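Hi,

Here is the structure you were waiting for. Have a look at it first, then read my notes below.

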Amino acid sequence: MAKKSAKREGAVMVLGGGVAGVQAALDLTELGFYVYLVEKSAAIGGAMAQLDKTFPTNDCSL
Amino acid sequence: MEAGRSPNIEILSNADLLGLEGKPGDFTAKLRLRPRYIDADKCTACGLCTKYCPKHLTDSYNEGLDITRPIHIDYPQAVPATYFIDPSACMHIQHGTCKICVPVCRSRAIDFSQKPTEREISVGAVIVAPGFGRVPDEALEKYSYGKHPDVVTSLEFERLLNPSGPFQGEVRCLSDKRHPRKIAFIQCVGSRDLGCDNGYCSSVCCMYAIKEAMVAKEHDPDCEITIYYMDLRTQGKDFDAARTRAEEQFGIRFVRSRVAEVVDWGENGLKLTYSTLDGGHHFEQFDMVVLSVGLDAPADAKKIADMTGIELNSFDFASTSTFAPLETTVKGITVAGAFQGPKDIPESVTQSSAAAALASGLIKAQRNKGIVVKDYPEEVDIADEEPRIGVFVCHCGINIGGVVDVPGVDQSVEGMEGVVYHTDSLYSCSQDAQEVLKEKIREYKLNRVVIAACSPRTHEPLFQETLRDAGLNRCLIEMVNIRDQCSWVHANEPDAATEKSKDLVRMGVAKARLLKPLPEQTVPVTKSALVIGGGIAGMTAALSLAEQGFSSVIVERNAKLGGHLLDTRYTITGGNTADLLKDVTARVKKNKLVTVLTGSELVNTSGFVGNFTSVVKSGSGKKAREQTIDHGVVIVATGARPHAPEKVLGRKLPASKKIITQLELEQRLAGRAKNRAPGSVVMIQCAGSRGDDLNYCSKSCCIDAVKNALKIKEINPDSQVVILYRDLRTYGFAEEYYRKARELGVIFVPYSLADPPRLGATSRKVEVTYDDPILGEEVTIAPDLVVLSVGMVPEGTEELSQMLKIPVNADKFFLEAHVKLRPVEMPVSGVYLCGLAHSPKPLDEIIVQAQAAAAKAAMPLVKGEVAVEPIVSHVNEDACIGCSLCASLCPYQAIEMIKVDKKRKARTIVASCKACGICASHCPTFAISMGGFTNDQIQAQIDAFGAVDDAGAKE
């Protein structure tokens, strides 16, 4: 059974919860929109969450 | 992490897209939500279930190098922080047995009755960002991947380097756990490889291989590392500098070659066979081989295309065009990240912001209609309370805990004055740790919090928000950095690191006793932008702002809009840049929200985010006039121009009409002259770049050279075209054109800066002499034309840097706030950056960057106000003698001199203040104090440093 949620105006769907998807989602909220962040695996983060340090600042990727 | 805390982001994980219907502004998406078999509201992420689960499962988060259990969480900081059960491996779901986790879970969160559910959501716009996929295994097999355990992929190697990886960050051979003495990296595995249909370059592997090699060297300086490559494509901003460092400082060996195979060599480990350009075959022994695997299209690319209707390119990435790089073939659906084409993190992040700008423009009428405004509980007034301090010491996995005795540090605060609660935690930054923090604040009525963990730069905002959620002012936190300052720098002296941690924590507690709440302030915003530069970047940014509903003023120095694009003619994909320019210029001129001031220059800018005032001078001589413009944000898009090198390849450039630049060739080829395509031409790449005259790579010259070579061949197929290069950097899909050029007979010959080609010219002819490594001898030819790829230099960035107080890098390009995560923002709030003034790059990347800058610039305009950081300087007017020393020293122009009762006094402009403290440290009468860093607080810290045995310390 498809559950129909209340129609929400001003929403954007972001498909993919990697660094690109998460950044797009964060920016959209700053621009005044509600975001559905759809990720096929169990947690967001994508490939970047697997990286240790990123060049050149050696920041923790998380 | 931040995404998990926003009330306006609903994370639908474990979800599949089933279908998408509708039109721009009104889409309906159908989703299937797969069960986690764990109730997210109940799970505390304690990890007990994973401990008891009897079944083994290879850990895909650790690239299969480790084992986990079917019931698990990928990593402790995961969002959402809820465990899940992998149904394909769970014995209960597969065979109806086991169920041991159910009684183990203390919060009764495990629920095997969960079923997949379907859900429809209505959205105005869609952004697809599914990332990248894995290259097929066949591409790895010839290197014995899968046959020999010590052949690993670069992602596996990344996990080996990681402290949370299988060997806690030690690099060990998987075969016998020994430390490898010799490691080889093989580049272009699954990239630039027609064998697996990946004809493109993955753009990121060269840089990540260098990074991994340098990190591995840091772990084990005695390890010998060789990188086997075809072209080193480190074209990103400041990337070449890293490559040089890898070679000169770290002693990493680079060998230009093609690797034929890697085979098992018994006790010797692995035998790597490679061939070099001169036709020689060589082999070498290695302990470990790392395959620098490329980025493939995402595995579900075709499914996404079916569901959404978007078209894919021949490599199954999203199909887009140079002039509209993020727009898919379906209106209202944009793409961002690696699915648009393989790319690095900064480009992905930039595309995400740009995609957000496009969506924001599309559905601007719906703005603010669907969002939830986050409410914080009212702040508890703690003015009259005695300090009640909570201390939280973080293990950061083994990042801190592996060196520092964290429980010991935790115990050391027992009994300190004001400390009513203390504990340690595995990851203080994880979502569940935030819940614990909130709970403890309430339970123990804490009114000051000390977090001993990492740098405040990374996670202080997170903890501050948690404090606000718990009803505390966010300035009542003190972070003690026992990671960078203890476990990292004293990794080899654990006892001393522990003692230092205790000292620092004691000092932090001493300061925390004196912390005071600081007020939250906001300032209103002028809702318009000033765009400096009217090239394609500036115009694109202004149009994007207009689409989102905001006005802007473009200030262009020249009489005509267009900038560098006025001089170009066509793109490598066949686009006509004149058409683009005509279209964009017309749209700019027609748009009522965009004001254009050509022949104008910025004279002066003052103010701060939300409230800038600029003076612009238009015209010259007697007709010159000045006008004042109020604006809330600034977009810097001042561009660059072709470099005019005096020295090329280490020598003075001979004067000859037969020596021209790539841009001049392009103009000539786009003309109508019959003999516009020369009969023979030698192109010289990096003429004046990469250590020759300029230090950096200009990123687009190789693509331009191939573009013009193809154009010559198109007009005159018999023309002889030779391209002398150092590393041919046709990254991404441009690689296809490189291959095409070779097929058409364009000759590519590499050279090194140590032995560069020599140019000679007389009045009638030019000569080029170079070493041909394939022939193994010196060649001299006298072509009709010599074409130099000269690179790009920024224009006037130094003056603007002074005026706006924004930094430039060593090459005089503007320096962004954070190269990875804030690529279009400047360190000064309210100032954004795009285009060639950031760094040289091709047209499609400029357009994306301009859209991204417009997204970031629109944020304060959307809000209508900016929040000021509570930590600012404060002038005590009674003590101020009005000497104005502080005002003259402030690097952000954040102090103004005012008259109070006819006496001069200094006052902080709070919105501009960056809390650097220069004013406070120079004030001769100590009239200035920094919120959160008062003299009392710092003195208390210093006193506590030597006060181990005094009151306030142990017992």
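Two strands count as paired if DSSP finds at least two bridges between them. Keep in mind that this is a predicted model.

**Between the chains**

Take A:V12 as an example: B:A125 is its bridge partner in strand 9 of chain B.

The contact draws 77 residues from chain B and 58 residues from chain A. On the chain B side, helix 9 (residues 345-362) gives the largest share, ten residues. By type, the side of chain B that touches chain A splits into 41 nonpolar, 20 polar and 16 charged residues.

**Helix 20 of chain B**

This helix spans residues 797-804, and its buried residues are B:T797, B:L800 and B:L804. Why do they sit on the same side of helix 20 of chain B? They cover an arc of only 65 degrees around the axis, and that puts them on the same side. The general rule: an α-helix has 3.6 residues a turn, so residues three or four places apart point the same way.

What covers these buried residues? Strands of chain B are included in the cover: strand 26 (600-608), strand 29 (633-636), strand 41 (792-794) and strand 42 (831-833). The face turned away from the buried side carries exposed B:E798, B:E799 and B:Q802. Just after helix 20 of chain B comes B:K805, with a positive phi of about 55 degrees.

Best wishes

Technical notes:
Residues numbered from 1 in each chain as written. Chains lettered and ligands numbered in written order. Predicted model: local features only at pLDDT ≥ 70, side-chain atom pairs only at ≥ 80, totals over all residues. Buried ≥ 20, exposed ≤ 12 C-beta atoms within 10 Å, placed from the backbone. Helix = DSSP H or I, 4+ residues; strand = E, 2+ residues; numbered from the N terminus. Arc of directions from axis to C-beta. Contact = placed C-beta atoms within 7 Å. Nonpolar A, V, L, I, M, F, W, Y, C, P; charged D, E, K, R; others polar.
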